Amino acid sequence: MNLRDIKKDIEYVIGAFVDDCTVFLAVHPGKNVDEIADLIDEAVDLFNALRDKVGAPEGPKKAYYDAIRKELLEKTDNLYDRLSAAVKKGLE
């Protein structure tokens with residue numbers, strides 16, 4: 001794994017999440033707009049934080065980048081769970 005790959009992974013995973021949020025907002029206008037907007041803001045904050053971490057590695061690079069990738073997946077999984085709950089609530 002190299003630096004370029006982890007940067008692409010961060011951009012792809014968080015970009016896909018933001019796309020999913022905007023698709024919901026486009027298909028269901030006016031439903032849970034504030035909640036979805038908050039999720040998008042959190043995703044952007046996560047993107048910025050992870051990109052900052054990637055730029056300043058500490059310790060062995062492989063272990064450091066593996067930890068960043070794990071953090072990316074865990075936090076976006078949490079965001080997707082919250083998006084799913086917001087979608088269910090919006091469709092009721």
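Modeller: Let's take H2: among what covers its buried residues are helix H1 (3-27) and helix H3 (61-91). Cover here goes by contact, meaning heavy atoms within 4.5 Å, and buried means under 20% relative accessible area, with exposed over 50% and partly exposed in between (1.4 Å probe, protein chains only). This is a predicted model, where local features need pLDDT of at least 70 and side-chain atom pairs count only at 80 or more, while totals for chains, interfaces and linings use all residues. Numbering starts from 1 along each chain as its sequence is written, and side-chain values use heavy atoms, leaving out hydrogens and water.

So which residues of H2 are buried? They're Ile36, Leu39, Ile40, Ala43, Leu46, Leu50 and Val54. An α-helix has 3.6 residues a turn, so residues three or four places apart point the same way.

Stepping back, the protein has three helices and zero strands, in the order α-α-α. Those are DSSP runs, numbered from the N terminus: H or I of at least four residues for helices, E of at least two for strands. The C-alpha trace spans about 50 × 15 × 15 Å along its principal axes. Of the 92 residues, 26% count as buried. Among contacts with a separation of 6 or more, 72% come from residues 24 or more positions apart.
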